[in-house]
Amino acid sequence: MLSADTAAYAPYAHLRQPGRDPLRMLAATREQWRTRAGAQPDLWVFGYASLIWRPDFDYAERHASRVHGWHRALAMWSRVNRGTPEVPGLVFALLPGGSCQGVVFRIARQQAEDVFDTLWAREMPSGAYDPRSLPCATPQRTQVMLALAD
């Protein structure tokens, strides 16, 4: 499993916009989740692109679901996961408006810290996405999900 240490993110520093420090964003997102965790002890993650077929983390539950107020679009240029620094490629992002079909994953609280590290190392090395807490239906009830949006 990948860890959230500074050295792992150093190769992507030149790709970051000012103020987009992925480790600070990770710390803030973790703190928001911990604050909310009293009522919701497990971490829920919404996947809308490659997380659907390749989550790269263990989960306790997986369900098809939809978020409202956001839609998926090939609208973000990536120099990390697709393309190169010289020739970026398009990747999916969540943009305001509409709705998006995806998959929700429930991660047991005891695995949540490791999953944060894995998810951040994979999706956030350049701090390109905005972590958001979005309501999303599960078979039991509506949960607040972590989603990475543009």
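**Exercise 1. Cysteines**

How many disulfides does the structure hold? Work from the predicted model.

*Solution.* 
Step 1. Take cysteine 100 and look for the nearest cysteine sulfur.
Step 2. Apply the cut-off: a disulfide needs two cysteine sulfur atoms within 2.5 Å. At 9.1 Å, the sulfur of cysteine 136 is too far from that of cysteine 100 for a bond.
Step 3. Give the count. The structure holds zero disulfides.

**Exercise 2. Cysteine surroundings**

Decide whether cysteine 100 and cysteine 136 are buried or exposed.

*Solution.* 
Step 1. Recall the limit: buried means under 20% relative accessible area.
Step 2. Cysteine 100 has 2% relative accessibility, so it counts as buried.
Step 3. Cysteine 136 has 1%, so it counts as buried too.

**Exercise 3. Arginine 106**

Describe the place of arginine 106 and find its charged partner.

*Solution.* 
Step 1. Locate the residue. Arginine 106 is found in strand S3, which covers residues 88-107.
Step 2. List the contacts, leaving aside neighbours within four places in sequence. They are Asp42, Leu43, Trp44, Tyr59, Ala60 and Glu61.
Step 3. Pick out the charged partner. Glutamate 61 forms a salt bridge with arginine 106, with the closest N and O atoms 2.5 Å apart.
Step 4. Glutamate 61 is in strand S2 and arginine 106 in strand S3, 45 residues apart. Glutamate 61 is buried, like arginine 106.

**Exercise 4. Two further salt bridges**

How many salt bridges does a search of the whole structure find?

*Solution.* 
Step 1. State the total. The search finds 11 salt bridges.
Step 2. Arginine 30 lies in helix H2 and aspartate 117 in helix H4, so the pair ties together parts that are 87 residues apart in sequence.
Step 3. Arginine 30 is buried at 12%. Aspartate 117 is buried at 13%.
Step 4. Widen the view. Arg30, Glu31, Arg34, Glu113 and Asp117 are linked in a network of salt bridges.
Step 5. Turn to arginine 132. Arginine 132 is partly exposed at 31%. Aspartate 130 is partly exposed at 23%.

**Exercise 5. Aromatic rings**

Count the aromatic pairs and classify two of them.

*Solution.* 
Step 1. Give the count: five aromatic pairs.
Step 2. Classify tryptophan 33 and phenylalanine 116. Their ring centres are 5.7 Å apart and their planes meet at 65°, so the pair is edge-to-face. Planes over 60 degrees apart count as edge-to-face.
Step 3. Locate this pair. Tryptophan 33 is in helix H2 (residues 22-36) and phenylalanine 116 in helix H4 (residues 109-123), 83 residues apart. Both are buried.
Step 4. Classify phenylalanine 57 and phenylalanine 105. This pair is edge-to-face, with 5.4 Å between centres and 80° between planes.
Step 5. Locate the second pair. Phenylalanine 57 lies in the loop between helix H3 and strand S2, and phenylalanine 105 in strand S3, so the pair ties together parts 48 residues apart in sequence.
Step 6. Look for a cluster. Trp33, Phe116 and Trp120 form one.

Conventions: Residues are numbered from 1 along each chain as its sequence is written. This is a predicted model: local features need pLDDT of at least 70, side-chain atom pairs count only at pLDDT 80 or more; totals for chains, interfaces and linings use all residues. Side-chain values use heavy atoms; hydrogens and water are left out. Helices (H or I, at least four residues) and strands (E, at least two) are DSSP runs, numbered from the N terminus. Contact means heavy atoms within 4.5 Å. Buried means under 20% relative accessible area, exposed over 50%, partly exposed in between (1.4 Å probe, protein chains only). Rings of Phe, Tyr and Trp (its six-membered ring) pair if their centres lie within 6.5 Å; planes under 30 degrees apart count as stacked, over 60 as edge-to-face and the rest as tilted. A salt bridge is a side-chain nitrogen of Lys or Arg within 4 Å of a carboxyl oxygen of Asp or Glu.
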